[in-house]
Amino acid sequence: MARGRRRLGAVLTQDLLAVLGELAGTASPHGGERALAESFVRFASARWPFIDWQVRRLDGNAASVLATVLGEADRRVDGHVGGAASPRPADVVLYSHLDTSLTGDPGPDAAITGRTDTPAPFQVSGDTVSGFGLGVAKAPAAAAVTGFVRAAKPGTQLLLAARGTHRTDWGPHALTGVGEYLGAFPPPRAAVVAKGGPPGVLRQEPAALYLRVRLTGAWGPLMLYPNGGLLARAGDLLAAVSGWGASYTAHRTDPARQDGASFGLGALRAGSPAKSDLAPAALELYCYLVLPGPVVPGEAAASLRAALDGATVDEMLLGNGPATPGDAPIVRTATDAYESEFPAAAPITGWTGSTDGVVFRAAGVPTARLGPRPLGGGADPRVDTFSVPELARWARVYERLISDSCIS
């Protein structure tokens with residue numbers, strides 16, 4: 001019996017490492033996931049042909065992966081697994097995403113990372129794996145895929161979605177993988193978000209917003225603006241917006257809730273580095289705000305606008321959903337699955353990470369979030385390191401969660 005358990009554990013680890021290698025082997029920047037989606041579906045279809053694997057194409061080069069475990073009623077008349085997922089609501093969708101926050105290309109990433117070298121490639125070293133983009137999505141996604149295929153429960157789905165990381169060009173909202181899924185299929189009866197978080201199960205995540213503050217003035221040669229023009233006001237603007245953020249988020253964390261509030265400055269833009277002898281006519285400051293949700297759209301922007309003199313403030317609401325009740329079946333099942341591998345977690349408070357779990361909840365889908373976090377202490381913050389045995393434990397958590405899910 002012990003030998004059988006060891007063999008099953010070895011197969012799990014082999015599957016997990018194979019999935020990690022596939023996910024880490026192809027770049028998948030936000031909106032550019034198609035190459036990875038197509039290669040992963042080829043890999044998964046060959047390895048697990050009893051599951052229906054699809055590439056869900058969005059606009060441009062964006063694409064998601066959708067896997068469905070079909071029951072007999074969902075199979076084609078000729079006996080082959082269908083090429084389209086069942087139109088009936090999934091009992092549970094296990095969700096993670098394909099895209100990474102950074103692109104992996106040091107050119108566009110340097111403005112954030114300050115580095116011009118290429119991140120180290122994916123590698124396995126003893127009981128650890130390391131690579132670019134593992135922490136934000138790909139390691140939790142690998143554990144989710146492995147657990148999902150081991151459970152292979154009819155009526156369940158796995159979604160590795162396009163555009164799962166927060167991003168905007170301040171134009172019309174680009175369609176996300178979760179948005180495409182919810183638009184194409186009936187809402188699932190429950191959702192599980194496989195992404196790193198605090199120990200335990202999250203059933204509340206904060207609303208997330210981007211804020212853009214814009215000052216305008218005249219432009220011209222700096223010889224006409226000895227004080228620097230608008231840029232001379234940057235320090236006062238940063239101080240004023242920072243002060244507003246601290247005040248606006250103060251005392252919003254409720255110890256009875258899991259989600260919290262935070263505010264930060266993310267980007268400052270003005271002028272041209274190639275023409276620094278000209279004073280710019282626009283100064284823009286970009287900020288990120290999370291609040292216990294749901295929030296009233298436009299309320300934060302109006303408050304910041306009132307606190308500033310002559311500035312334009314725009315708001316982009318990224319996610320704004322209610323909490324899932326603590327006694328929801330998916331929360332109870334997720335908690336039991338978590339505690340089958342890890343010690344019972346302390347109550348979660350003040351969590352300020354927001355994912356597409358908020359979008360599922362806004363669509364009326366009971367949602368739980370839980371997942372692995374990387375080991376700390378790496379020399380390159382772009383490269384995440386995970387314990388393989390711990391990822392295997394998470395795969396068993398997701399397997400049990402899917403196997404035991406019963407949505408009433």
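# A tour from strand pair to core

Begin by selecting Ala67, which stands opposite Leu158 in β6. The model in your viewer is a predicted one, in which local features need pLDDT of at least 70 and side-chain atom pairs count only at pLDDT 80 or more, while totals for chains, interfaces and linings use all residues. Residues are numbered from 1 along each chain as its sequence is written, and side-chain values use heavy atoms, with hydrogens and water left out.

Now select strand β2 (residues 63-68) together with strand β6 (residues 156-161), which run antiparallel and are joined by four bridges; two strands pair if DSSP finds at least two bridges between them. Strands (E, at least two residues) and helices (H or I, at least four) are DSSP runs, numbered from the N terminus.

**Charged pairs**

Which residue does Arg57 meet in a salt bridge? Select Glu38, whose side chain meets that of Arg57 at 2.8 Å, N to O; a salt bridge is a side-chain nitrogen of Lys or Arg within 4 Å of a carboxyl oxygen of Asp or Glu. Arg57 lies in strand β1 and Glu38 in helix α2 (residues 34-47), so the pair ties together parts that are 19 residues apart in sequence. Arg57 counts as exposed at 53% relative accessibility, whereas Glu38, at 24%, is partly exposed. Here buried means under 20% relative accessible area, exposed over 50%, and partly exposed in between (1.4 Å probe, protein chains only).

Next, select Glu341 and Arg393, which form a salt bridge with their closest N and O atoms 3.5 Å apart. Glu341 lies in the loop between α8 (329-339) and α9 (357-362), and Arg393 in helix α10 (residues 388-404), so the pair ties together parts that are 52 residues apart in sequence. Glu341 is buried, with a relative accessible area of 18%, while Arg393, at 26%, is partly exposed.

**The nonpolar core**

Finish inside the protein by selecting Phe40, Trp53, Leu94, Leu158 and Leu370, which touch the most other members among the 57 residues of the largest nonpolar core. A nonpolar core is a set of buried Ala, Val, Leu, Ile, Met, Phe, Trp, Tyr and Cys residues joined through side-chain atoms within 4.5 Å. The largest share of this core, 10 residues, comes from α4. Centre the view on Leu94, whose contacts (heavy atoms within 4.5 Å) include Ala144, Phe148, Leu158 and Tyr398, not counting residues up to four places away in sequence. Apart from this core lies another, of 25 residues, among them Val213, Leu237, Phe263 and Leu283.
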